[in-house]
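My entries follow the display.

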Amino acid sequence: MHLLHRSGLALATACAALLCVNGEAQAAGPGVVFIHGTGDQSVSSATTGYWTQSALTTMSNGLPYLVVGYPGASCAGFSQCSWGSIVDQIVPWVNAKGITSFTVITHSNGSSPVRYMLGHTGAVSAQGNVVSAVTSKISQVIFSAPDLAGTPLADKVTTSGSFLNIANSVVEFFGGGSYNNPAVVQQRTDNMRLYNSNGTFAGAQGATSVGGKPISVVRGNKVYANLFSSDAHCGGYLYSVGLKAAALLGWGSWNASTDGFIGTDSSGYFGNIIIDDGRLNHHQSRRGCHNSGSLIAKKVANAPIPAPSQQTWPQETNVLAAGQACNNYYSGYAYDYSTGNTVWKYGCSSADLTNGYPEPDCLVAYGYSSSYRIPSTESWNPYLRAASYSTAGEVCPDSWQGDGICDACLVAKYGFDAALGSTGANDCVQAPPGGSNFCGALSWDYTLNRENYSIVEALH
């Protein structure tokens, strides 16, 4: 049935080691330190793969900066191999560059070793550096998408030992798939309750400073609903669809809004919230998406920034519904490339969205249909109505992932249609203006006089 193929394109960015680690500025004065989250990162991988050079350049705002690499998966935030490694990189950098003070910018669980340091200034690193040598020079801390109270995703994966086939792009936030590593176990909600109450991690609920250092928080409060918008592509589309699936499953938070990985009950546990964006998912918050990088840069410079309620930044691109991915909103006649028959493409009108049935195109366009939402990643979904997919040996087989056809049923199953892996082919990316992509969904076949699976072309 599927005859179209395409291969994924992996893009790599390289930069000189000195520039990546220290930036260009050499004069004594203030600086910036970037601390990544869960994952065993080297300085190089943290620079090019985790933050990216463009995001670092924007957020550092012309100041000299240090990108820290440390075992953020193999070591919990309270372990010396975590915070100690960070201290042992900051001290020589401060001394060599004559840094008088610096802003700390963390992402995700990078907040944990910093909180430990702020609460244990007398601790000594493996190389004999006292934590106070670092904390005494911190002028402010900016936590981006911080995990301050734990995440149900950590509960889920450390209990079940699997992630139920959610996209590899989300598994990366657990350090690459080793679910029971020390950093993931540390982020369980029950463990974080203990660490927050017994002094392991500094920072009282509702506080705006820790150890005399002002704390700012940058966070998203949901994963942008329209997976086919340009907003979802910032930082990488596969991250957005994976985080969207996690959010729909309720794994980002038990009882609060979420950026797909961290609930706002955790990211807002304490600190002054300076960005609270409905379009900024967990991954995008480390890439400066949706103007967050520019706002962080202003905060680094202690320049005034608008309150979150006043940050009315426009979308990067205003994409009309009829021009998105597979045009899943649009109803009309179409040519079925698999049979050559004329079909009626159902689409998803406002009436379809609330008619009480799990309409496939509504699930793709909005993530829900009436009271039904994208389900868990079972091997198949009973709502897919097997009789309508009679041309396939299996109802919506996983072998269709990444084959060049954007299959509505796979999006309903998983929240995405892509070959798993960071460079896997993604079938549902919006085509450029003047282009097209091929979409597989249920439709009415006028020749066969029945509902059938069809492949139609969506023009852009």
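This is a predicted model: local features need pLDDT of at least 70, side-chain atom pairs count only at pLDDT 80 or more; totals for chains, interfaces and linings use all residues.

Entry 1, a serine. I looked up Ser266 and found it in helix α12 (residues 264-267); helices here are DSSP runs of H or I of at least four residues, strands are runs of E of at least two, and both are numbered from the N terminus. Ser266 is buried, with a relative accessible area of 1%. Buried means under 20% relative accessible area, exposed over 50% and partly exposed in between, with a 1.4 Å probe and protein chains only. Leaving out residues up to four places away in sequence, I listed Pro146, Asp147, Leu148, Ala149 and Gly150 as touching Ser266, where contact means heavy atoms within 4.5 Å. A polar atom of the Ser266 side chain lies 2.8 Å from the backbone nitrogen of Ala149.

Residues are numbered from 1 along each chain as its sequence is written, and side-chain values use heavy atoms, with hydrogens and water left out.

A nonpolar core is a set of buried Ala, Val, Leu, Ile, Met, Phe, Trp, Tyr and Cys residues joined through side-chain atoms within 4.5 Å. The largest has 36 residues, and Val33, Ile35, Ile90, Phe102, Val134, Phe143 and Phe270 touch the most other members. Among the elements giving it two or more residues are β1 (29-35), α4 (80-97) and β3 (99-107). Which element gives the largest share of this core? I found α4, with seven residues. I also checked Ile35: beyond its neighbours within four places in sequence, its contacts include Trp51, Val68, Ile86 and Val114. A second, separate core of 20 residues includes Val32, Phe34, Tyr65 and Ile142.

Axes are lines fitted to C-alpha atoms, for helices over the stretch in contact, and angles run from 0 to 180 degrees between N-to-C directions. Ser82, Trp83, Ile86 and Val87 in α4 meet Pro113, Tyr116 and Met117 in α5.

The axes of α3 (residues 53-60) and α13 (residues 292-300) come within 7 Å and cross at roughly 40°. I listed Thr58, Met59 and Ser60 in α3 as meeting Gly293, Ser294, Ile296, Ala297 and Val300 in α13.

Methods
A polar contact is a pair of N or O atoms within 3.5 Å; within protein, one must be able to donate a hydrogen and the other to accept it, and residues adjacent in sequence count only if both atoms are side-chain atoms.
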